[in-house]
Amino acid sequence: MSTSTGNQDNFHNHRFVHDFRQASPYIHHLNGKTVVLAISSHVLVSNKLPALAADILLLTSLGMRLVIIHGCSQFIQAIAGQNTANSIDENPITDERALELVKQASGIARFNLEAALSMIPTQVMEHSAPNVRLAGGNFLRAKPLGVINGVDMSYSGCVRKVDAAAIEERLAHNQLVLISPIGHSLSGQCYRLQVNEVAQAVAEAIHAEKLIFLGTQPGLIDEHQQTISELNCIEISQLLAKSVMNKRQTELLQTAAHVLEHGVQRVHVVSGLQDGSLLQELFTREGSGTAMAKAPFMRVRPAENKDIGDILQLIAPLEASGILLPRDSEYMENHIQEFFVLEQDCYVYGCVALHVYPEAQAGELACLIVSPSARARGYGELLLAHVIKQARQLQLQTLFALSTHTGDWFVERGFTSATLTQLPLERQQQYTSNKRQSKIFSRQL
């Protein structure tokens, strides 16, 4: 084997390990969670459907519970032609002929999707028989829209009720649930429904963790034609108020705002035409489309025992270089209540500790670390601000920090040089015994 080939192999091995480690928190978090996928008919008629189906089967093998809602407009076009398809899509009124076309198109879309999900992708499941079973049923109770502004909407309807118990029963038996955009009334009549509305109603009824829209765009696009990576509810409201989005994107924003206020944790808009985009969105920090949440994605919170591994991983390089004193898992278990972590979408990017000396009404800011991959985001300042807030809530008068390498950082943020005698007596003894000769900085609160 040549040297160049060996280096290339090492690179690929390192990349695989890096990517797998990055994905592991997301895999762990999504295991057992319920996800609703709303798939555009443009994706179902594309040559990307087999790859997407393989990725969907992979998600089920990782323990995710999936409900799929499909569109059918492109199948209507195939049956009736371009002009008729456009008139049906754009016309809110559904007459008998249009309803029959919707039924036919939904059936074709559903069977094509079932066929794709019945394949055995060798790269995912080798040659073993698939353990995923597909389930359908009368999960949607519908009612007619009725007469609006003097116009009878005929067979256009809206969701009256979702049979969440029936869907949950199928999911509990490891079945993948498929739902078409057609509902039934108590009298047995069929009504045409909008995919967005069905996705919204189902996600809320079954308390889904995520609602994912798979369409033709890589995500929501801003006025500069750039993909928006993240939005929270406040930002969604601001975009809706500006009225800068097209009709489709406005509908997605409205749906996202509604479901996020009713218990769904995340809404994603992802391209279904880009190979692997669904996996990239779910299992990487950068994602591939637009992710929306009720609150900002980043937060500083009290550390828990489950965070010990992440904190030790952050500390390890600084311990090795002598910047920090060694801390093992036993130390962390005994002092975890003093730590805070900065978390963004299930991944810990930083940590900090506040050691309190009540008799001296002082606190020590310690172990402030931000992951090298996130040091240009201002996370250090956020962790510092959080500790200052906590110290003030504890009615401490002084916050001090010891550092051998980052003294300028503290001075630039309001700390001043201090002497050993200004430390609490207990901390003075520790300082003398470890012989590190760290520089001392303090800040009045």
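This is a short walk through one predicted protein model, from its overall build to a few local details.

First, the ground rules. The model is predicted, so local features need pLDDT of at least 70 and side-chain atom pairs count only at pLDDT 80 or more, while totals for chains, interfaces and linings use all residues. Residues are numbered from 1 along each chain as its sequence is written, and side-chain values use heavy atoms, with hydrogens and water left out.

Now the overall picture. The protein has 17 helices and 21 strands. Those are DSSP runs, numbered from the N terminus: H or I of at least four residues for helices, E of at least two for strands. The C-alpha trace spans about 90 × 65 × 45 Å along its principal axes. Of the 445 residues, 47% are buried. Buried means under 20% relative accessible area, exposed is over 50%, and partly exposed lies in between, with a 1.4 Å probe and protein chains only. Next, contacts, meaning heavy atoms within 4.5 Å. Among contacts with a separation of 6 or more, 72% join residues 24 or more positions apart.

On to helix packing. Two packed helices are described by the angle between their axes and the distance between the axes. Axes here are lines fitted to C-alpha atoms, for helices over the stretch in contact, and angles run from 0 to 180 degrees between N-to-C directions.

Take α3, residues 49-61, against α6. Their axes are 8 Å apart, at an angle of about 65°. The crossing is right-handed. From α3 come L49, A53, I56 and L57; they meet N112, L113, A116 and L117 of α6. By class, that is seven nonpolar residues, one polar and no charged. Nonpolar covers Ala, Val, Leu, Ile, Met, Phe, Trp, Tyr, Cys and Pro; charged covers Asp, Glu, Lys and Arg; the others, Gly among them, are polar.

Now α9, residues 195-205, with α11, residues 247-260. These axes come within 10 Å and cross at roughly 15°. That makes the two helices roughly parallel. The label needs an angle under 35 degrees; over 145 is roughly antiparallel, 65 to 115 roughly perpendicular, and the rest oblique. This crossing is right-handed too. On α9, the contact uses N196, Q200 and E204; on α11, it uses R248, E251, L252, T255, H258 and V259. Here the count is two nonpolar, four polar and three charged.

What about cysteines? The structure holds zero disulfides, a disulfide being a pair of cysteine sulfur atoms within 2.5 Å. How far is the sulfur of C72 from the closest cysteine sulfur? It is 13 Å, to C190, which is too far for a bond. C72 is buried, at 9% relative accessibility. C233 is buried as well, with a relative accessible area of 9%.

Now some loops. I93 sits between α5 (82-90) and α6 (96-117). It is partly exposed, at 28%. I93 and S154 are 61 residues apart in sequence, yet their C-alpha atoms are 6.2 Å apart. Beyond neighbours within four places, I93 contacts V151, D152, M153, S154, S156 and R192.

Last, backbone angles. Most residues other than glycine have a negative phi. Q225 has a positive phi, near 65°. It lies in the loop between β11 (210-215) and β12 (230-232), and it is exposed at 62%. Q361 also has a positive phi, near 50°. Its loop runs between β17 (347-357) and β18 (362-370). Q361 is partly exposed, at 34%.

Definitions and conventions:
Left-handed = near helix turned anticlockwise from the far one by under 90°.
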